[in-house]
Amino acid sequence: MRVQSSATTASRIAVTEEREQRPGLGTLQATLGVIAFSLTFPATAWGLEGFGPWSLVAVRSVLAAVIAGGALLVLRVPLPARRHWSGLAVVAAGVVLGFPLLTTLALETSTTAHAAVVVGLLPLTTALFSALRVGTRPSRTFWAAALAGAAAVLAFTVQQSGGALSRADVYLFAALLVCAAGYTEGGRLARVMPGWHVIGWALVLCLPLTVPVAAFALAQEPVHLTAHSVAGLLWVAAGSQFLGLVVWYRGMAAVGIPKASQLQLAQPLLTLVWSVLLLGEHLPVAAPLTAVAVLVCIAVTQRARG
C-alpha cells in the first residue's frame, strides 16, 4: 500500500513538473511531435518497399516497445495503478496497434498525399471523442465546422476514388476512429502520469501480442532489406511510435490539448510536402485545396471550443 502511494505521489510530481514547464518549451515539444507524425506516412511507404504490412507494423511495435521498456526499466518507473490499465489498453489498441495497421494496409494501394488529406480529420475526430469522453457540449458552430470538414474530405475521397470509397479509404476512416480514441484516452491519462509513461506502458502492454505476430509475419511475408525500408522501419518505430508520442504528450500536458491540437493542423500539409520531396509523388490539385479547407474547418472548431 505504501509502495503504491509512493508511486502515485511520484507520478503526480512528474505531471506537475510537466505542466509547470515554460509554455514555450511545451509548444516546441508539441511541434516536434507534429513534425515526427508528419513523416510517418512517407516512412511507412519506404518501409513497405522491403517489408509486408503485417511484418512492418508488428516489428515497429516490438522495436518501439524495446526502447520504451528499456527506458522504463533504467529509470525504475513503477507500474501504473490498476485503475489506469483499462485506459492504457485503449491507447494500445488505438495508437500502438489499430492506427499503424490500418494506415499501413491503406498505403499499400493509396498515395501518402491521399492518406494525409483523409487523416487530416484526426484533430477534429479527436475533439469529438474528447467531447463525448469528458461530457462537454460543443456549440452549434463547432458541429457545423466539423460536418463541413468531414464533407470536404468525403467529397475528396469519392472524387479521387472514381465515385466510390476504395478499400484504402475504408481503412483510413477506421484508422481515424481508433486513433482518436487512443489520443483522447492518452490525453486524459497524461493528466495523472507523465506523458511518456502513457505510451511507454501501452507499448509494453502489447508485447505479448506483437512478438509472436512479428515472428509469424516475418516467416510468411518476403523481406527485402534496402536503405529505404530500413530507414522507414527505424523511423516509424523510434520516431513516430515512441519519441514523437513522448514529446507530443509532454507538449499536450504543458500547453493543453486545445492549443496542441491547433499545432496539429499543419500535419497534413507537412506530409504533402514530404510526399513530394521524399517519394516524388505528384499532387492532384484537390489534395492541398482539401487539406487547407479541413485546416480552416478545424480552426473554427478550436475557436468554437474556446
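Me: Why is Thr271 called buried in this model?

Reply: The model is predicted. Thr271 has a relative accessible area of 4%, and buried means under 20%, so Thr271 counts as buried.

Me: Where is Thr271 found, and which residues does Thr271 touch?

Reply: Thr271 belongs to helix α13, residues 267–279. Residues up to four places away in sequence aside, Thr271 touches Ser38, Phe41, Pro42, Thr112 and Ala116; contact here requires heavy atoms within 4.5 Å.

Me: What makes Val230 partly exposed?

Reply: The relative accessibility of Val230 is 33%. Buried would need a value under 20% and exposed a value over 50%, so Val230 counts as partly exposed. Val230 is placed in helix α11, residues 227–255.

Me: Which residues form the nonpolar patch on the surface with Val230?

Reply: Val230 forms the patch with Leu63, Leu218, Val223, Leu225 and Leu234. Together these residues have about 480 Å² of accessible area. A patch residue needs over 30% relative accessible area, and Val230 has 33%.

Me: How do you know that Cys179 and Cys206 are buried?

Reply: Cys179 has 2% relative accessibility and Cys206 has a relative accessible area of 5%. The cut-off is under 20%, so Cys179 counts as buried, and so does Cys206.

Me: How many disulfides are there?

Reply: The count is 0. A pair of cysteine sulfur atoms would have to lie within 2.5 Å to be called a disulfide.

Me: What makes a set of residues the nonpolar core here, and how many residues has the largest?

Reply: The residues must be buried, of the nonpolar kinds or Tyr or Cys, and joined through side-chain atoms within 4.5 Å. The largest such core has 54 residues. Tyr183, Ile199, Leu203, Phe242, Leu245, Trp248 and Tyr249 have the most contacts inside this core. Helix α5, residues 85–107, gives the most to the core, with 9 residues.

Me: Which residues is Tyr183 in contact with, its neighbours within four places in sequence aside?

Reply: Tyr183 is in contact with Phe37, Val95, Leu122, Thr126, Leu245, Trp248, Tyr249 and Gln264.

Me: How many helices and strands does the secondary structure of the protein have?

Reply: There are 14 helices and 0 strands.

Me: What share of the residues of the protein counts as buried?

Reply: Of 306 residues, 50% are buried. The protein exposes about 13900 Å², and 68% of this area is supplied by carbon and sulfur atoms. Among contacts with a separation of 6 or more, 89% join residues 24 or more positions apart.

Notes. Residues numbered from 1 in each chain as written. Predicted model: local features only at pLDDT ≥ 70, side-chain atom pairs only at ≥ 80, totals over all residues. Heavy atoms only, no water. Buried < 20%, exposed > 50% of the residue type's maximum accessible area, 1.4 Å probe, protein only. Helix = DSSP H or I, 4+ residues; strand = E, 2+ residues; numbered from the N terminus. Patch = residues over 30% accessible without salt bridge, like charges linked within 9 Å, V, L, I, M, F, W, Y side chains within 5 Å. Areas by Shrake-Rupley, 256 points an atom, 1.4 Å probe, with all protein chains shown as cover. Salt bridge = Lys/Arg side-chain N within 4 Å of Asp/Glu carboxyl O.
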